[in-house]
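Me: I have a model open and would like to go through its architecture with you. Could we begin with the strands?

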Amino acid sequence: MLEERIKLKDISHVLLDMDGTLLDKYFDDYFWEHLLPEKYAEKNNISFGRAKEKLMKKYKMHEGTLNWTDIDFWSREVDLDVPALKEQITHLIEVHPHVEDFLKMLKRHKKKIFLVTNAHYKVLDIKMKKTRIGEFFDSAITSFEIGYPKEMIEFWGKIQERLGFEKEKTLFIDDTEAVLKTAKRYGIKYIVHKIHASSKSSTEKEPTGEFTVISDFRELTPPEDKL
Ligand SMILES: [Mg+2]
């Protein structure tokens, strides 16, 4: 049983990724794969297919870097107002099922809860305004303010300094395996891979089996806390 392997009483700090983990990644996928190519095509007078192809190449070049998370960078790169475009589709921002119950449960158990995201602070703002999960966090940390994305080991040293957690008493949950691998290399003891990042995508990669996997936060709720 999962709750036997990850005992809440052994954990003091819980670090949680935002997109795909707590929130439905469909919003982000729709933005990068549909809305932005559509607007880019209109602007440059090219087909949607051509626009998507060009953008995919650009995305690939900046994946896993701070540029990727910097929406001001993307506004310049594509010459469109990316934050304004994101505002147009905020109705697609959704919290994954049972996330709020999970956060409430952590609060009841007096855990320190931090949102740890590669997202830009402007995107974080949009999402915290749209959902009510912000109130559960002791604070929210963006890789942008740390200076490194979560994929880089430097990120972890910096946030440990800042948050003062012990690696042996920390639980980290994310939907990106590259990030989980870095956290593991750094020495975070409890690592969980949240799958089913998007409610709509059928193209999710199979987990490698390196990490404990959950598809729903109910799996991490101890039986006595199940509502
Ligand atoms: Mg994520």
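Me: How many bridges join strand 2 to strand 3, and do the strands run parallel or antiparallel?

Reply: Strand 2 and strand 3 run parallel and are joined by 4 bridges; two strands pair if DSSP finds at least two bridges between them. The chain passes from strand 2 through helix 8 to strand 3 in a right-handed β-α-β crossover. Right-handed here means that, with the strands pointing away from the viewer, the path from the first strand over the helix to the second runs clockwise. V116 stands opposite I141 in strand 3.

Me: Before we continue, what conventions apply to numbering and confidence?

Reply: Residues are numbered from 1 along each chain as its sequence is written. Since the model is predicted, local features need pLDDT of at least 70 and side-chain atom pairs count only at pLDDT 80 or more, while totals for chains, interfaces and linings use all residues.

Me: And strand 1, what joins it to strand 2?

Reply: Strand 1 runs parallel to strand 2, with 4 bridges between them. L16, which is found in strand 1 (residues 13-16), has L115 in strand 2 as its bridge partner.

Me: Is L16 buried or exposed?

Reply: L16 is buried, because 26 other C-beta atoms lie within 10 Å. The cut-offs are 20 or more such atoms within 10 Å for buried, 12 or fewer for exposed, and partly exposed in between, with C-beta atoms placed from the backbone.

Me: Which residues does L16 touch?

Reply: Leaving out residues up to four places away in sequence, L16 touches T21, L22, I113, L115, V116 and I173. Contact means that the C-beta atoms, placed from the backbone, lie within 7 Å.

Me: Changing topic: which residues of helix 10 are buried?

Reply: F155, W156 and I159 are buried in helix 10, which spans residues 153-163. They lie on the same side of helix 10 because they cover an arc of only 95° around the axis, the arc being that of the directions from the helix axis to the C-beta atoms.

Me: What covers them, and what follows the helix?

Reply: The cover includes strand 2 (112-117), strand 3 (139-142), helix 9 and helix 11 (177-186). G164 follows helix 10 and has a positive phi, near 65°.

Me: What about helix 5: which residues are buried, and which are exposed?

Reply: I71, W74 and V78 are the buried residues of helix 5 (residues 71-78). Their arc around the axis is only 50°, so they sit on the same side of helix 5. The face turned away from that buried side carries the exposed residues D72 and R76. The buried residues of helix 5 pack against helix 2 (26-44), helix 6 (82-88) and helix 8.

Me: Finally, what are the domains, and how many residues are in contact?

Reply: The domain assignment, which is automatic or from a database, gives domain 1 (2-24 + 93-225) and domain 2 (27-91). In domain 1, 17 residues are in contact with 13 residues of domain 2. Helix 8 gives the most to the side of domain 1 that touches domain 2, with 4 residues. The C-alpha centres of the two domains lie 26 Å apart.

Terms used. Contact = placed C-beta atoms within 7 Å. Helix = DSSP H or I, 4+ residues; strand = E, 2+ residues; numbered from the N terminus.
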